[in-house]
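Here's a quick tour of one protein model, looking at how its parts meet and which side chains pair up. Have the structure open while you read.

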Amino acid sequence: MNRLANAPAPDGRDASAESSAESSAESFTDALGLYISFPFCRSKCSYCNFASNVFPPRLLDGYLACLEREMELVAEAESVGGGSVDTLYWGGGTPSLLAPDLALRLAQAIRRIWTPAPEAEFTLEAAPGTLSTAHIAAWRAAGVNRVSLGMQSWQEAEIRSVGRLHRAEDVTRDLEALRRAGLENLNLDLIAGLPHQTEASWRDTLARTLDAAPPHISIYMLEVDEDSRLGRELLAGGARYHAHAVPDDDRTADFFELAVEQLAAAGWRQYEISNFARDGGESRHNLRYWARRPYLGFGLEAHSMLRRDGEERRWANPAELKEYMAALEAGRLARGEVEALSPQRQLEEALFLGLRRNAGIGWDELTAEFKAGAVEAKRAAITPMLAQGMLEESQGRLRLTPRGRMLSTSVLAELLE
Ligand code: SF4
């Protein structure tokens with residue numbers, strides 16, 4: 001699963017000119033982005049801290065019915081039916097497990113309510129080794145034009161150690177099959193800091209990824225928290241789940257820095273903390289989040305945000321499948337409390353999300369939207385971070401420095417009061 005596509009809440013993760021892709025994202029205006037969560041997986045990866053799981057297949061039909069019901073209810077409750085959609089993202093989980101006929105059913109359900117814009121970006125996350133010709137044909141028929149492969153590494157030992165089921169050769173075969181079908185807009189996900197990763201194995205993974213030449217590459221550093229088996233084991237100092245073979249934080253940071261260097265040298269521009277693209281391959285769906293454009297999320301643990309007349313409202317679905325399905329089966333929305341963000345909170349989020357992008361955020365953008373006094377107060381509050389070398393300012397734009405980007409979780413968290 002892509003850590004960004006599920007509408008990240010601001011809970012904490014070289015200066016370059018703003019890219020044309022980012023500018024085009026700014027012109028998304030009122031069109032919506034949709035995120036559909038498909039939380040079914042073949043195995044539970046040891047590092048996974050999402051609500052996805054190996055749920056019984058018998059729940060699948062009911063889950064799809066809940067998704068369809070939820071889309072109808074949200075469209076009615078928020079008066080957003082009939083509008084245009086310019087980014088659509090099926091994440092999870094493993095949406096590539098969805099049978100071809102069910103993928104088409106879901107796409108039709110979406111089209112009954114919304115109209116995809118002519119150039120809409122439609123991404124589907126796929127686990128290597130789960131793609132068949134019939135799957136790919138169904139995705140094309142459904143409108144999918146971008147596929148993100150959750151490969152994480154080219155090294156068998158690393159892939160196995162975290163419980164993923166594919167083989168490295170599956171990735172090569174899948175890339176060929178996707179390209180044969182005309183799907184060229186591809187992303188490969190990598191993780192720095194996997195168990196058994198060494199500098200040599202990481203260099204090899206980077207080299208083979210560059211050889212595969214996808215327009216987009218995402219690289220995450222292994223997250224260590226209480227929400228995954230491996231994270232809990234590492235925090236407890238244990239050795240299970242190959243925790244003993246996880247590189248320490250400094251080595252993981254070194255691996256990440258090496259990736260940034262190598263990708264830049266090969267022409268993949270880092271446009272966000274974890275995301276790299278060439279040839280206009282930026283993820284327009286993820287750009288939407290950082291630009292605070294409206295999105296609706298459906299399914300387990302999905303997040304939504306709508307902005308109208310200066311008001312910004314957010315909500316999230318539960319992370320428990322039973323709770324999510326029980327609400328929809330009873331004809332109710334499953335979402336938790338709808339939060340209306342104060343102007344101060346919106347300003348903090350604009351900074352928090354804008355700084356994720358290498359292009360940063362302009363003070364003029366902030367003063368155009370927020371009261372000058374509030375922006376000035378924020379500017380004064382972040383001055384120490386400029387002095388500490390975490391942030392830099394030039395030509396009226398504020399950006400993370402390369403060091404600030406490496407420590408982005410703590411730096412960005414400080415922006416939220
Ligand atoms: S495939 Fe993705 S969502 Fe599923 S368990 Fe692994 S990391 Fe989590």
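## A pair to start with

The side chains of which residues meet in a salt bridge at 2.5 Å, N to O? They are those of Glu-369 and Arg-307. (A salt bridge here is a side-chain nitrogen of Lys or Arg within 4 Å of a carboxyl oxygen of Asp or Glu.) Glu-369 sits in helix H13 (residues 363-369) and Arg-307 in strand E10 (residues 303-308), so this pair ties together parts that are 62 residues apart in sequence. Helices (H or I, at least four residues) and strands (E, at least two) are DSSP runs, numbered from the N terminus.

Glu-369 is partly exposed at 38% relative accessibility, and Arg-307 is partly exposed too, with 28%. As for the wording, buried means under 20% relative accessible area, exposed means over 50%, and partly exposed is in between (1.4 Å probe, protein chains only).

## What you're looking at

This is a predicted model, where local features need pLDDT of at least 70 and side-chain atom pairs count only at pLDDT 80 or more, while totals for chains, interfaces and linings use all residues. Residues are numbered from 1 along each chain as its sequence is written, and side-chain values use heavy atoms, with hydrogens and water left out.

The protein splits into domain 1 (20-177 + 279-290) and domain 2 (343-417), with bounds that come from an automatic or database domain assignment. Their C-alpha centres lie 31 Å apart. Where they meet, 5 residues of domain 1 are in contact with 5 residues of domain 2, contact meaning heavy atoms within 4.5 Å. The buried area between the two domains is about 440 Å², with carbon and sulfur atoms giving 49% of it. That area is the accessible area (1.4 Å probe) that two parts lose on being put together, summed over both.

On the side of domain 1 that touches domain 2, helix H1 (20-26) and helix H10 (284-290) each supply at least two residues. H10 gives the most, with 3 residues. By class, that side has 3 nonpolar, no polar and 2 charged residues. (Ala, Val, Leu, Ile, Met, Phe, Trp, Tyr, Cys and Pro count as nonpolar, Asp, Glu, Lys and Arg as charged, and the others, Gly among them, as polar.) How many salt bridges run between domain 1 and domain 2? The count is 0.

## More charged pairs

Side chains of opposite charge can pair when their charged atoms come close. The count for this model comes to 28 salt bridges. One of them joins Glu-72 to Arg-69, with the closest N and O atoms 3.3 Å apart. These two are 3 residues apart in helix H2 (residues 60-77), which means about one helical turn separates them. Glu-72 is partly exposed at 37% relative accessibility, and Arg-69 is partly exposed at 34%.

Arg-397 and Glu-365 also meet in a salt bridge (2.9 Å, N to O). Arg-397 lies in strand E15 (residues 397-400) and Glu-365 in helix H13, so the pair ties together parts 32 residues apart in sequence. Arg-397 counts as buried at 13% relative accessibility, whereas Glu-365 is partly exposed at 31%. There's a network as well: salt bridges that share partners join Arg-292, Arg-307, Glu-312, Arg-314, Arg-345, Glu-348, Glu-349, Glu-369 and Lys-378.

Arg-335 is in the loop between helix H11 (321-329) and strand E12 (339-341). Not counting residues up to four places away in sequence, Arg-335 touches Glu-78, Trp-315, Ala-316 and Asn-317. Its side chain makes a polar contact with the side chain of Glu-78 (3.1 Å). A polar contact is a pair of N or O atoms within 3.5 Å; within protein, one must be able to donate a hydrogen and the other to accept it, and residues adjacent in sequence count only if both atoms are side-chain atoms.

Ser-43, in the loop between strand E1 (32-38) and H2, is buried at 19% relative accessibility. The Ser-43 side chain reaches the backbone oxygen of Gly-163 at 2.9 Å. Gln-152 is in strand E4 (residues 146-152) and is buried, with a relative accessible area of 3%. Leaving aside neighbours within four places in sequence, Gln-152 has contacts including Tyr-47, Arg-164 and Asp-189.

Notes
Nonpolar A, V, L, I, M, F, W, Y, C, P; charged D, E, K, R; others polar.
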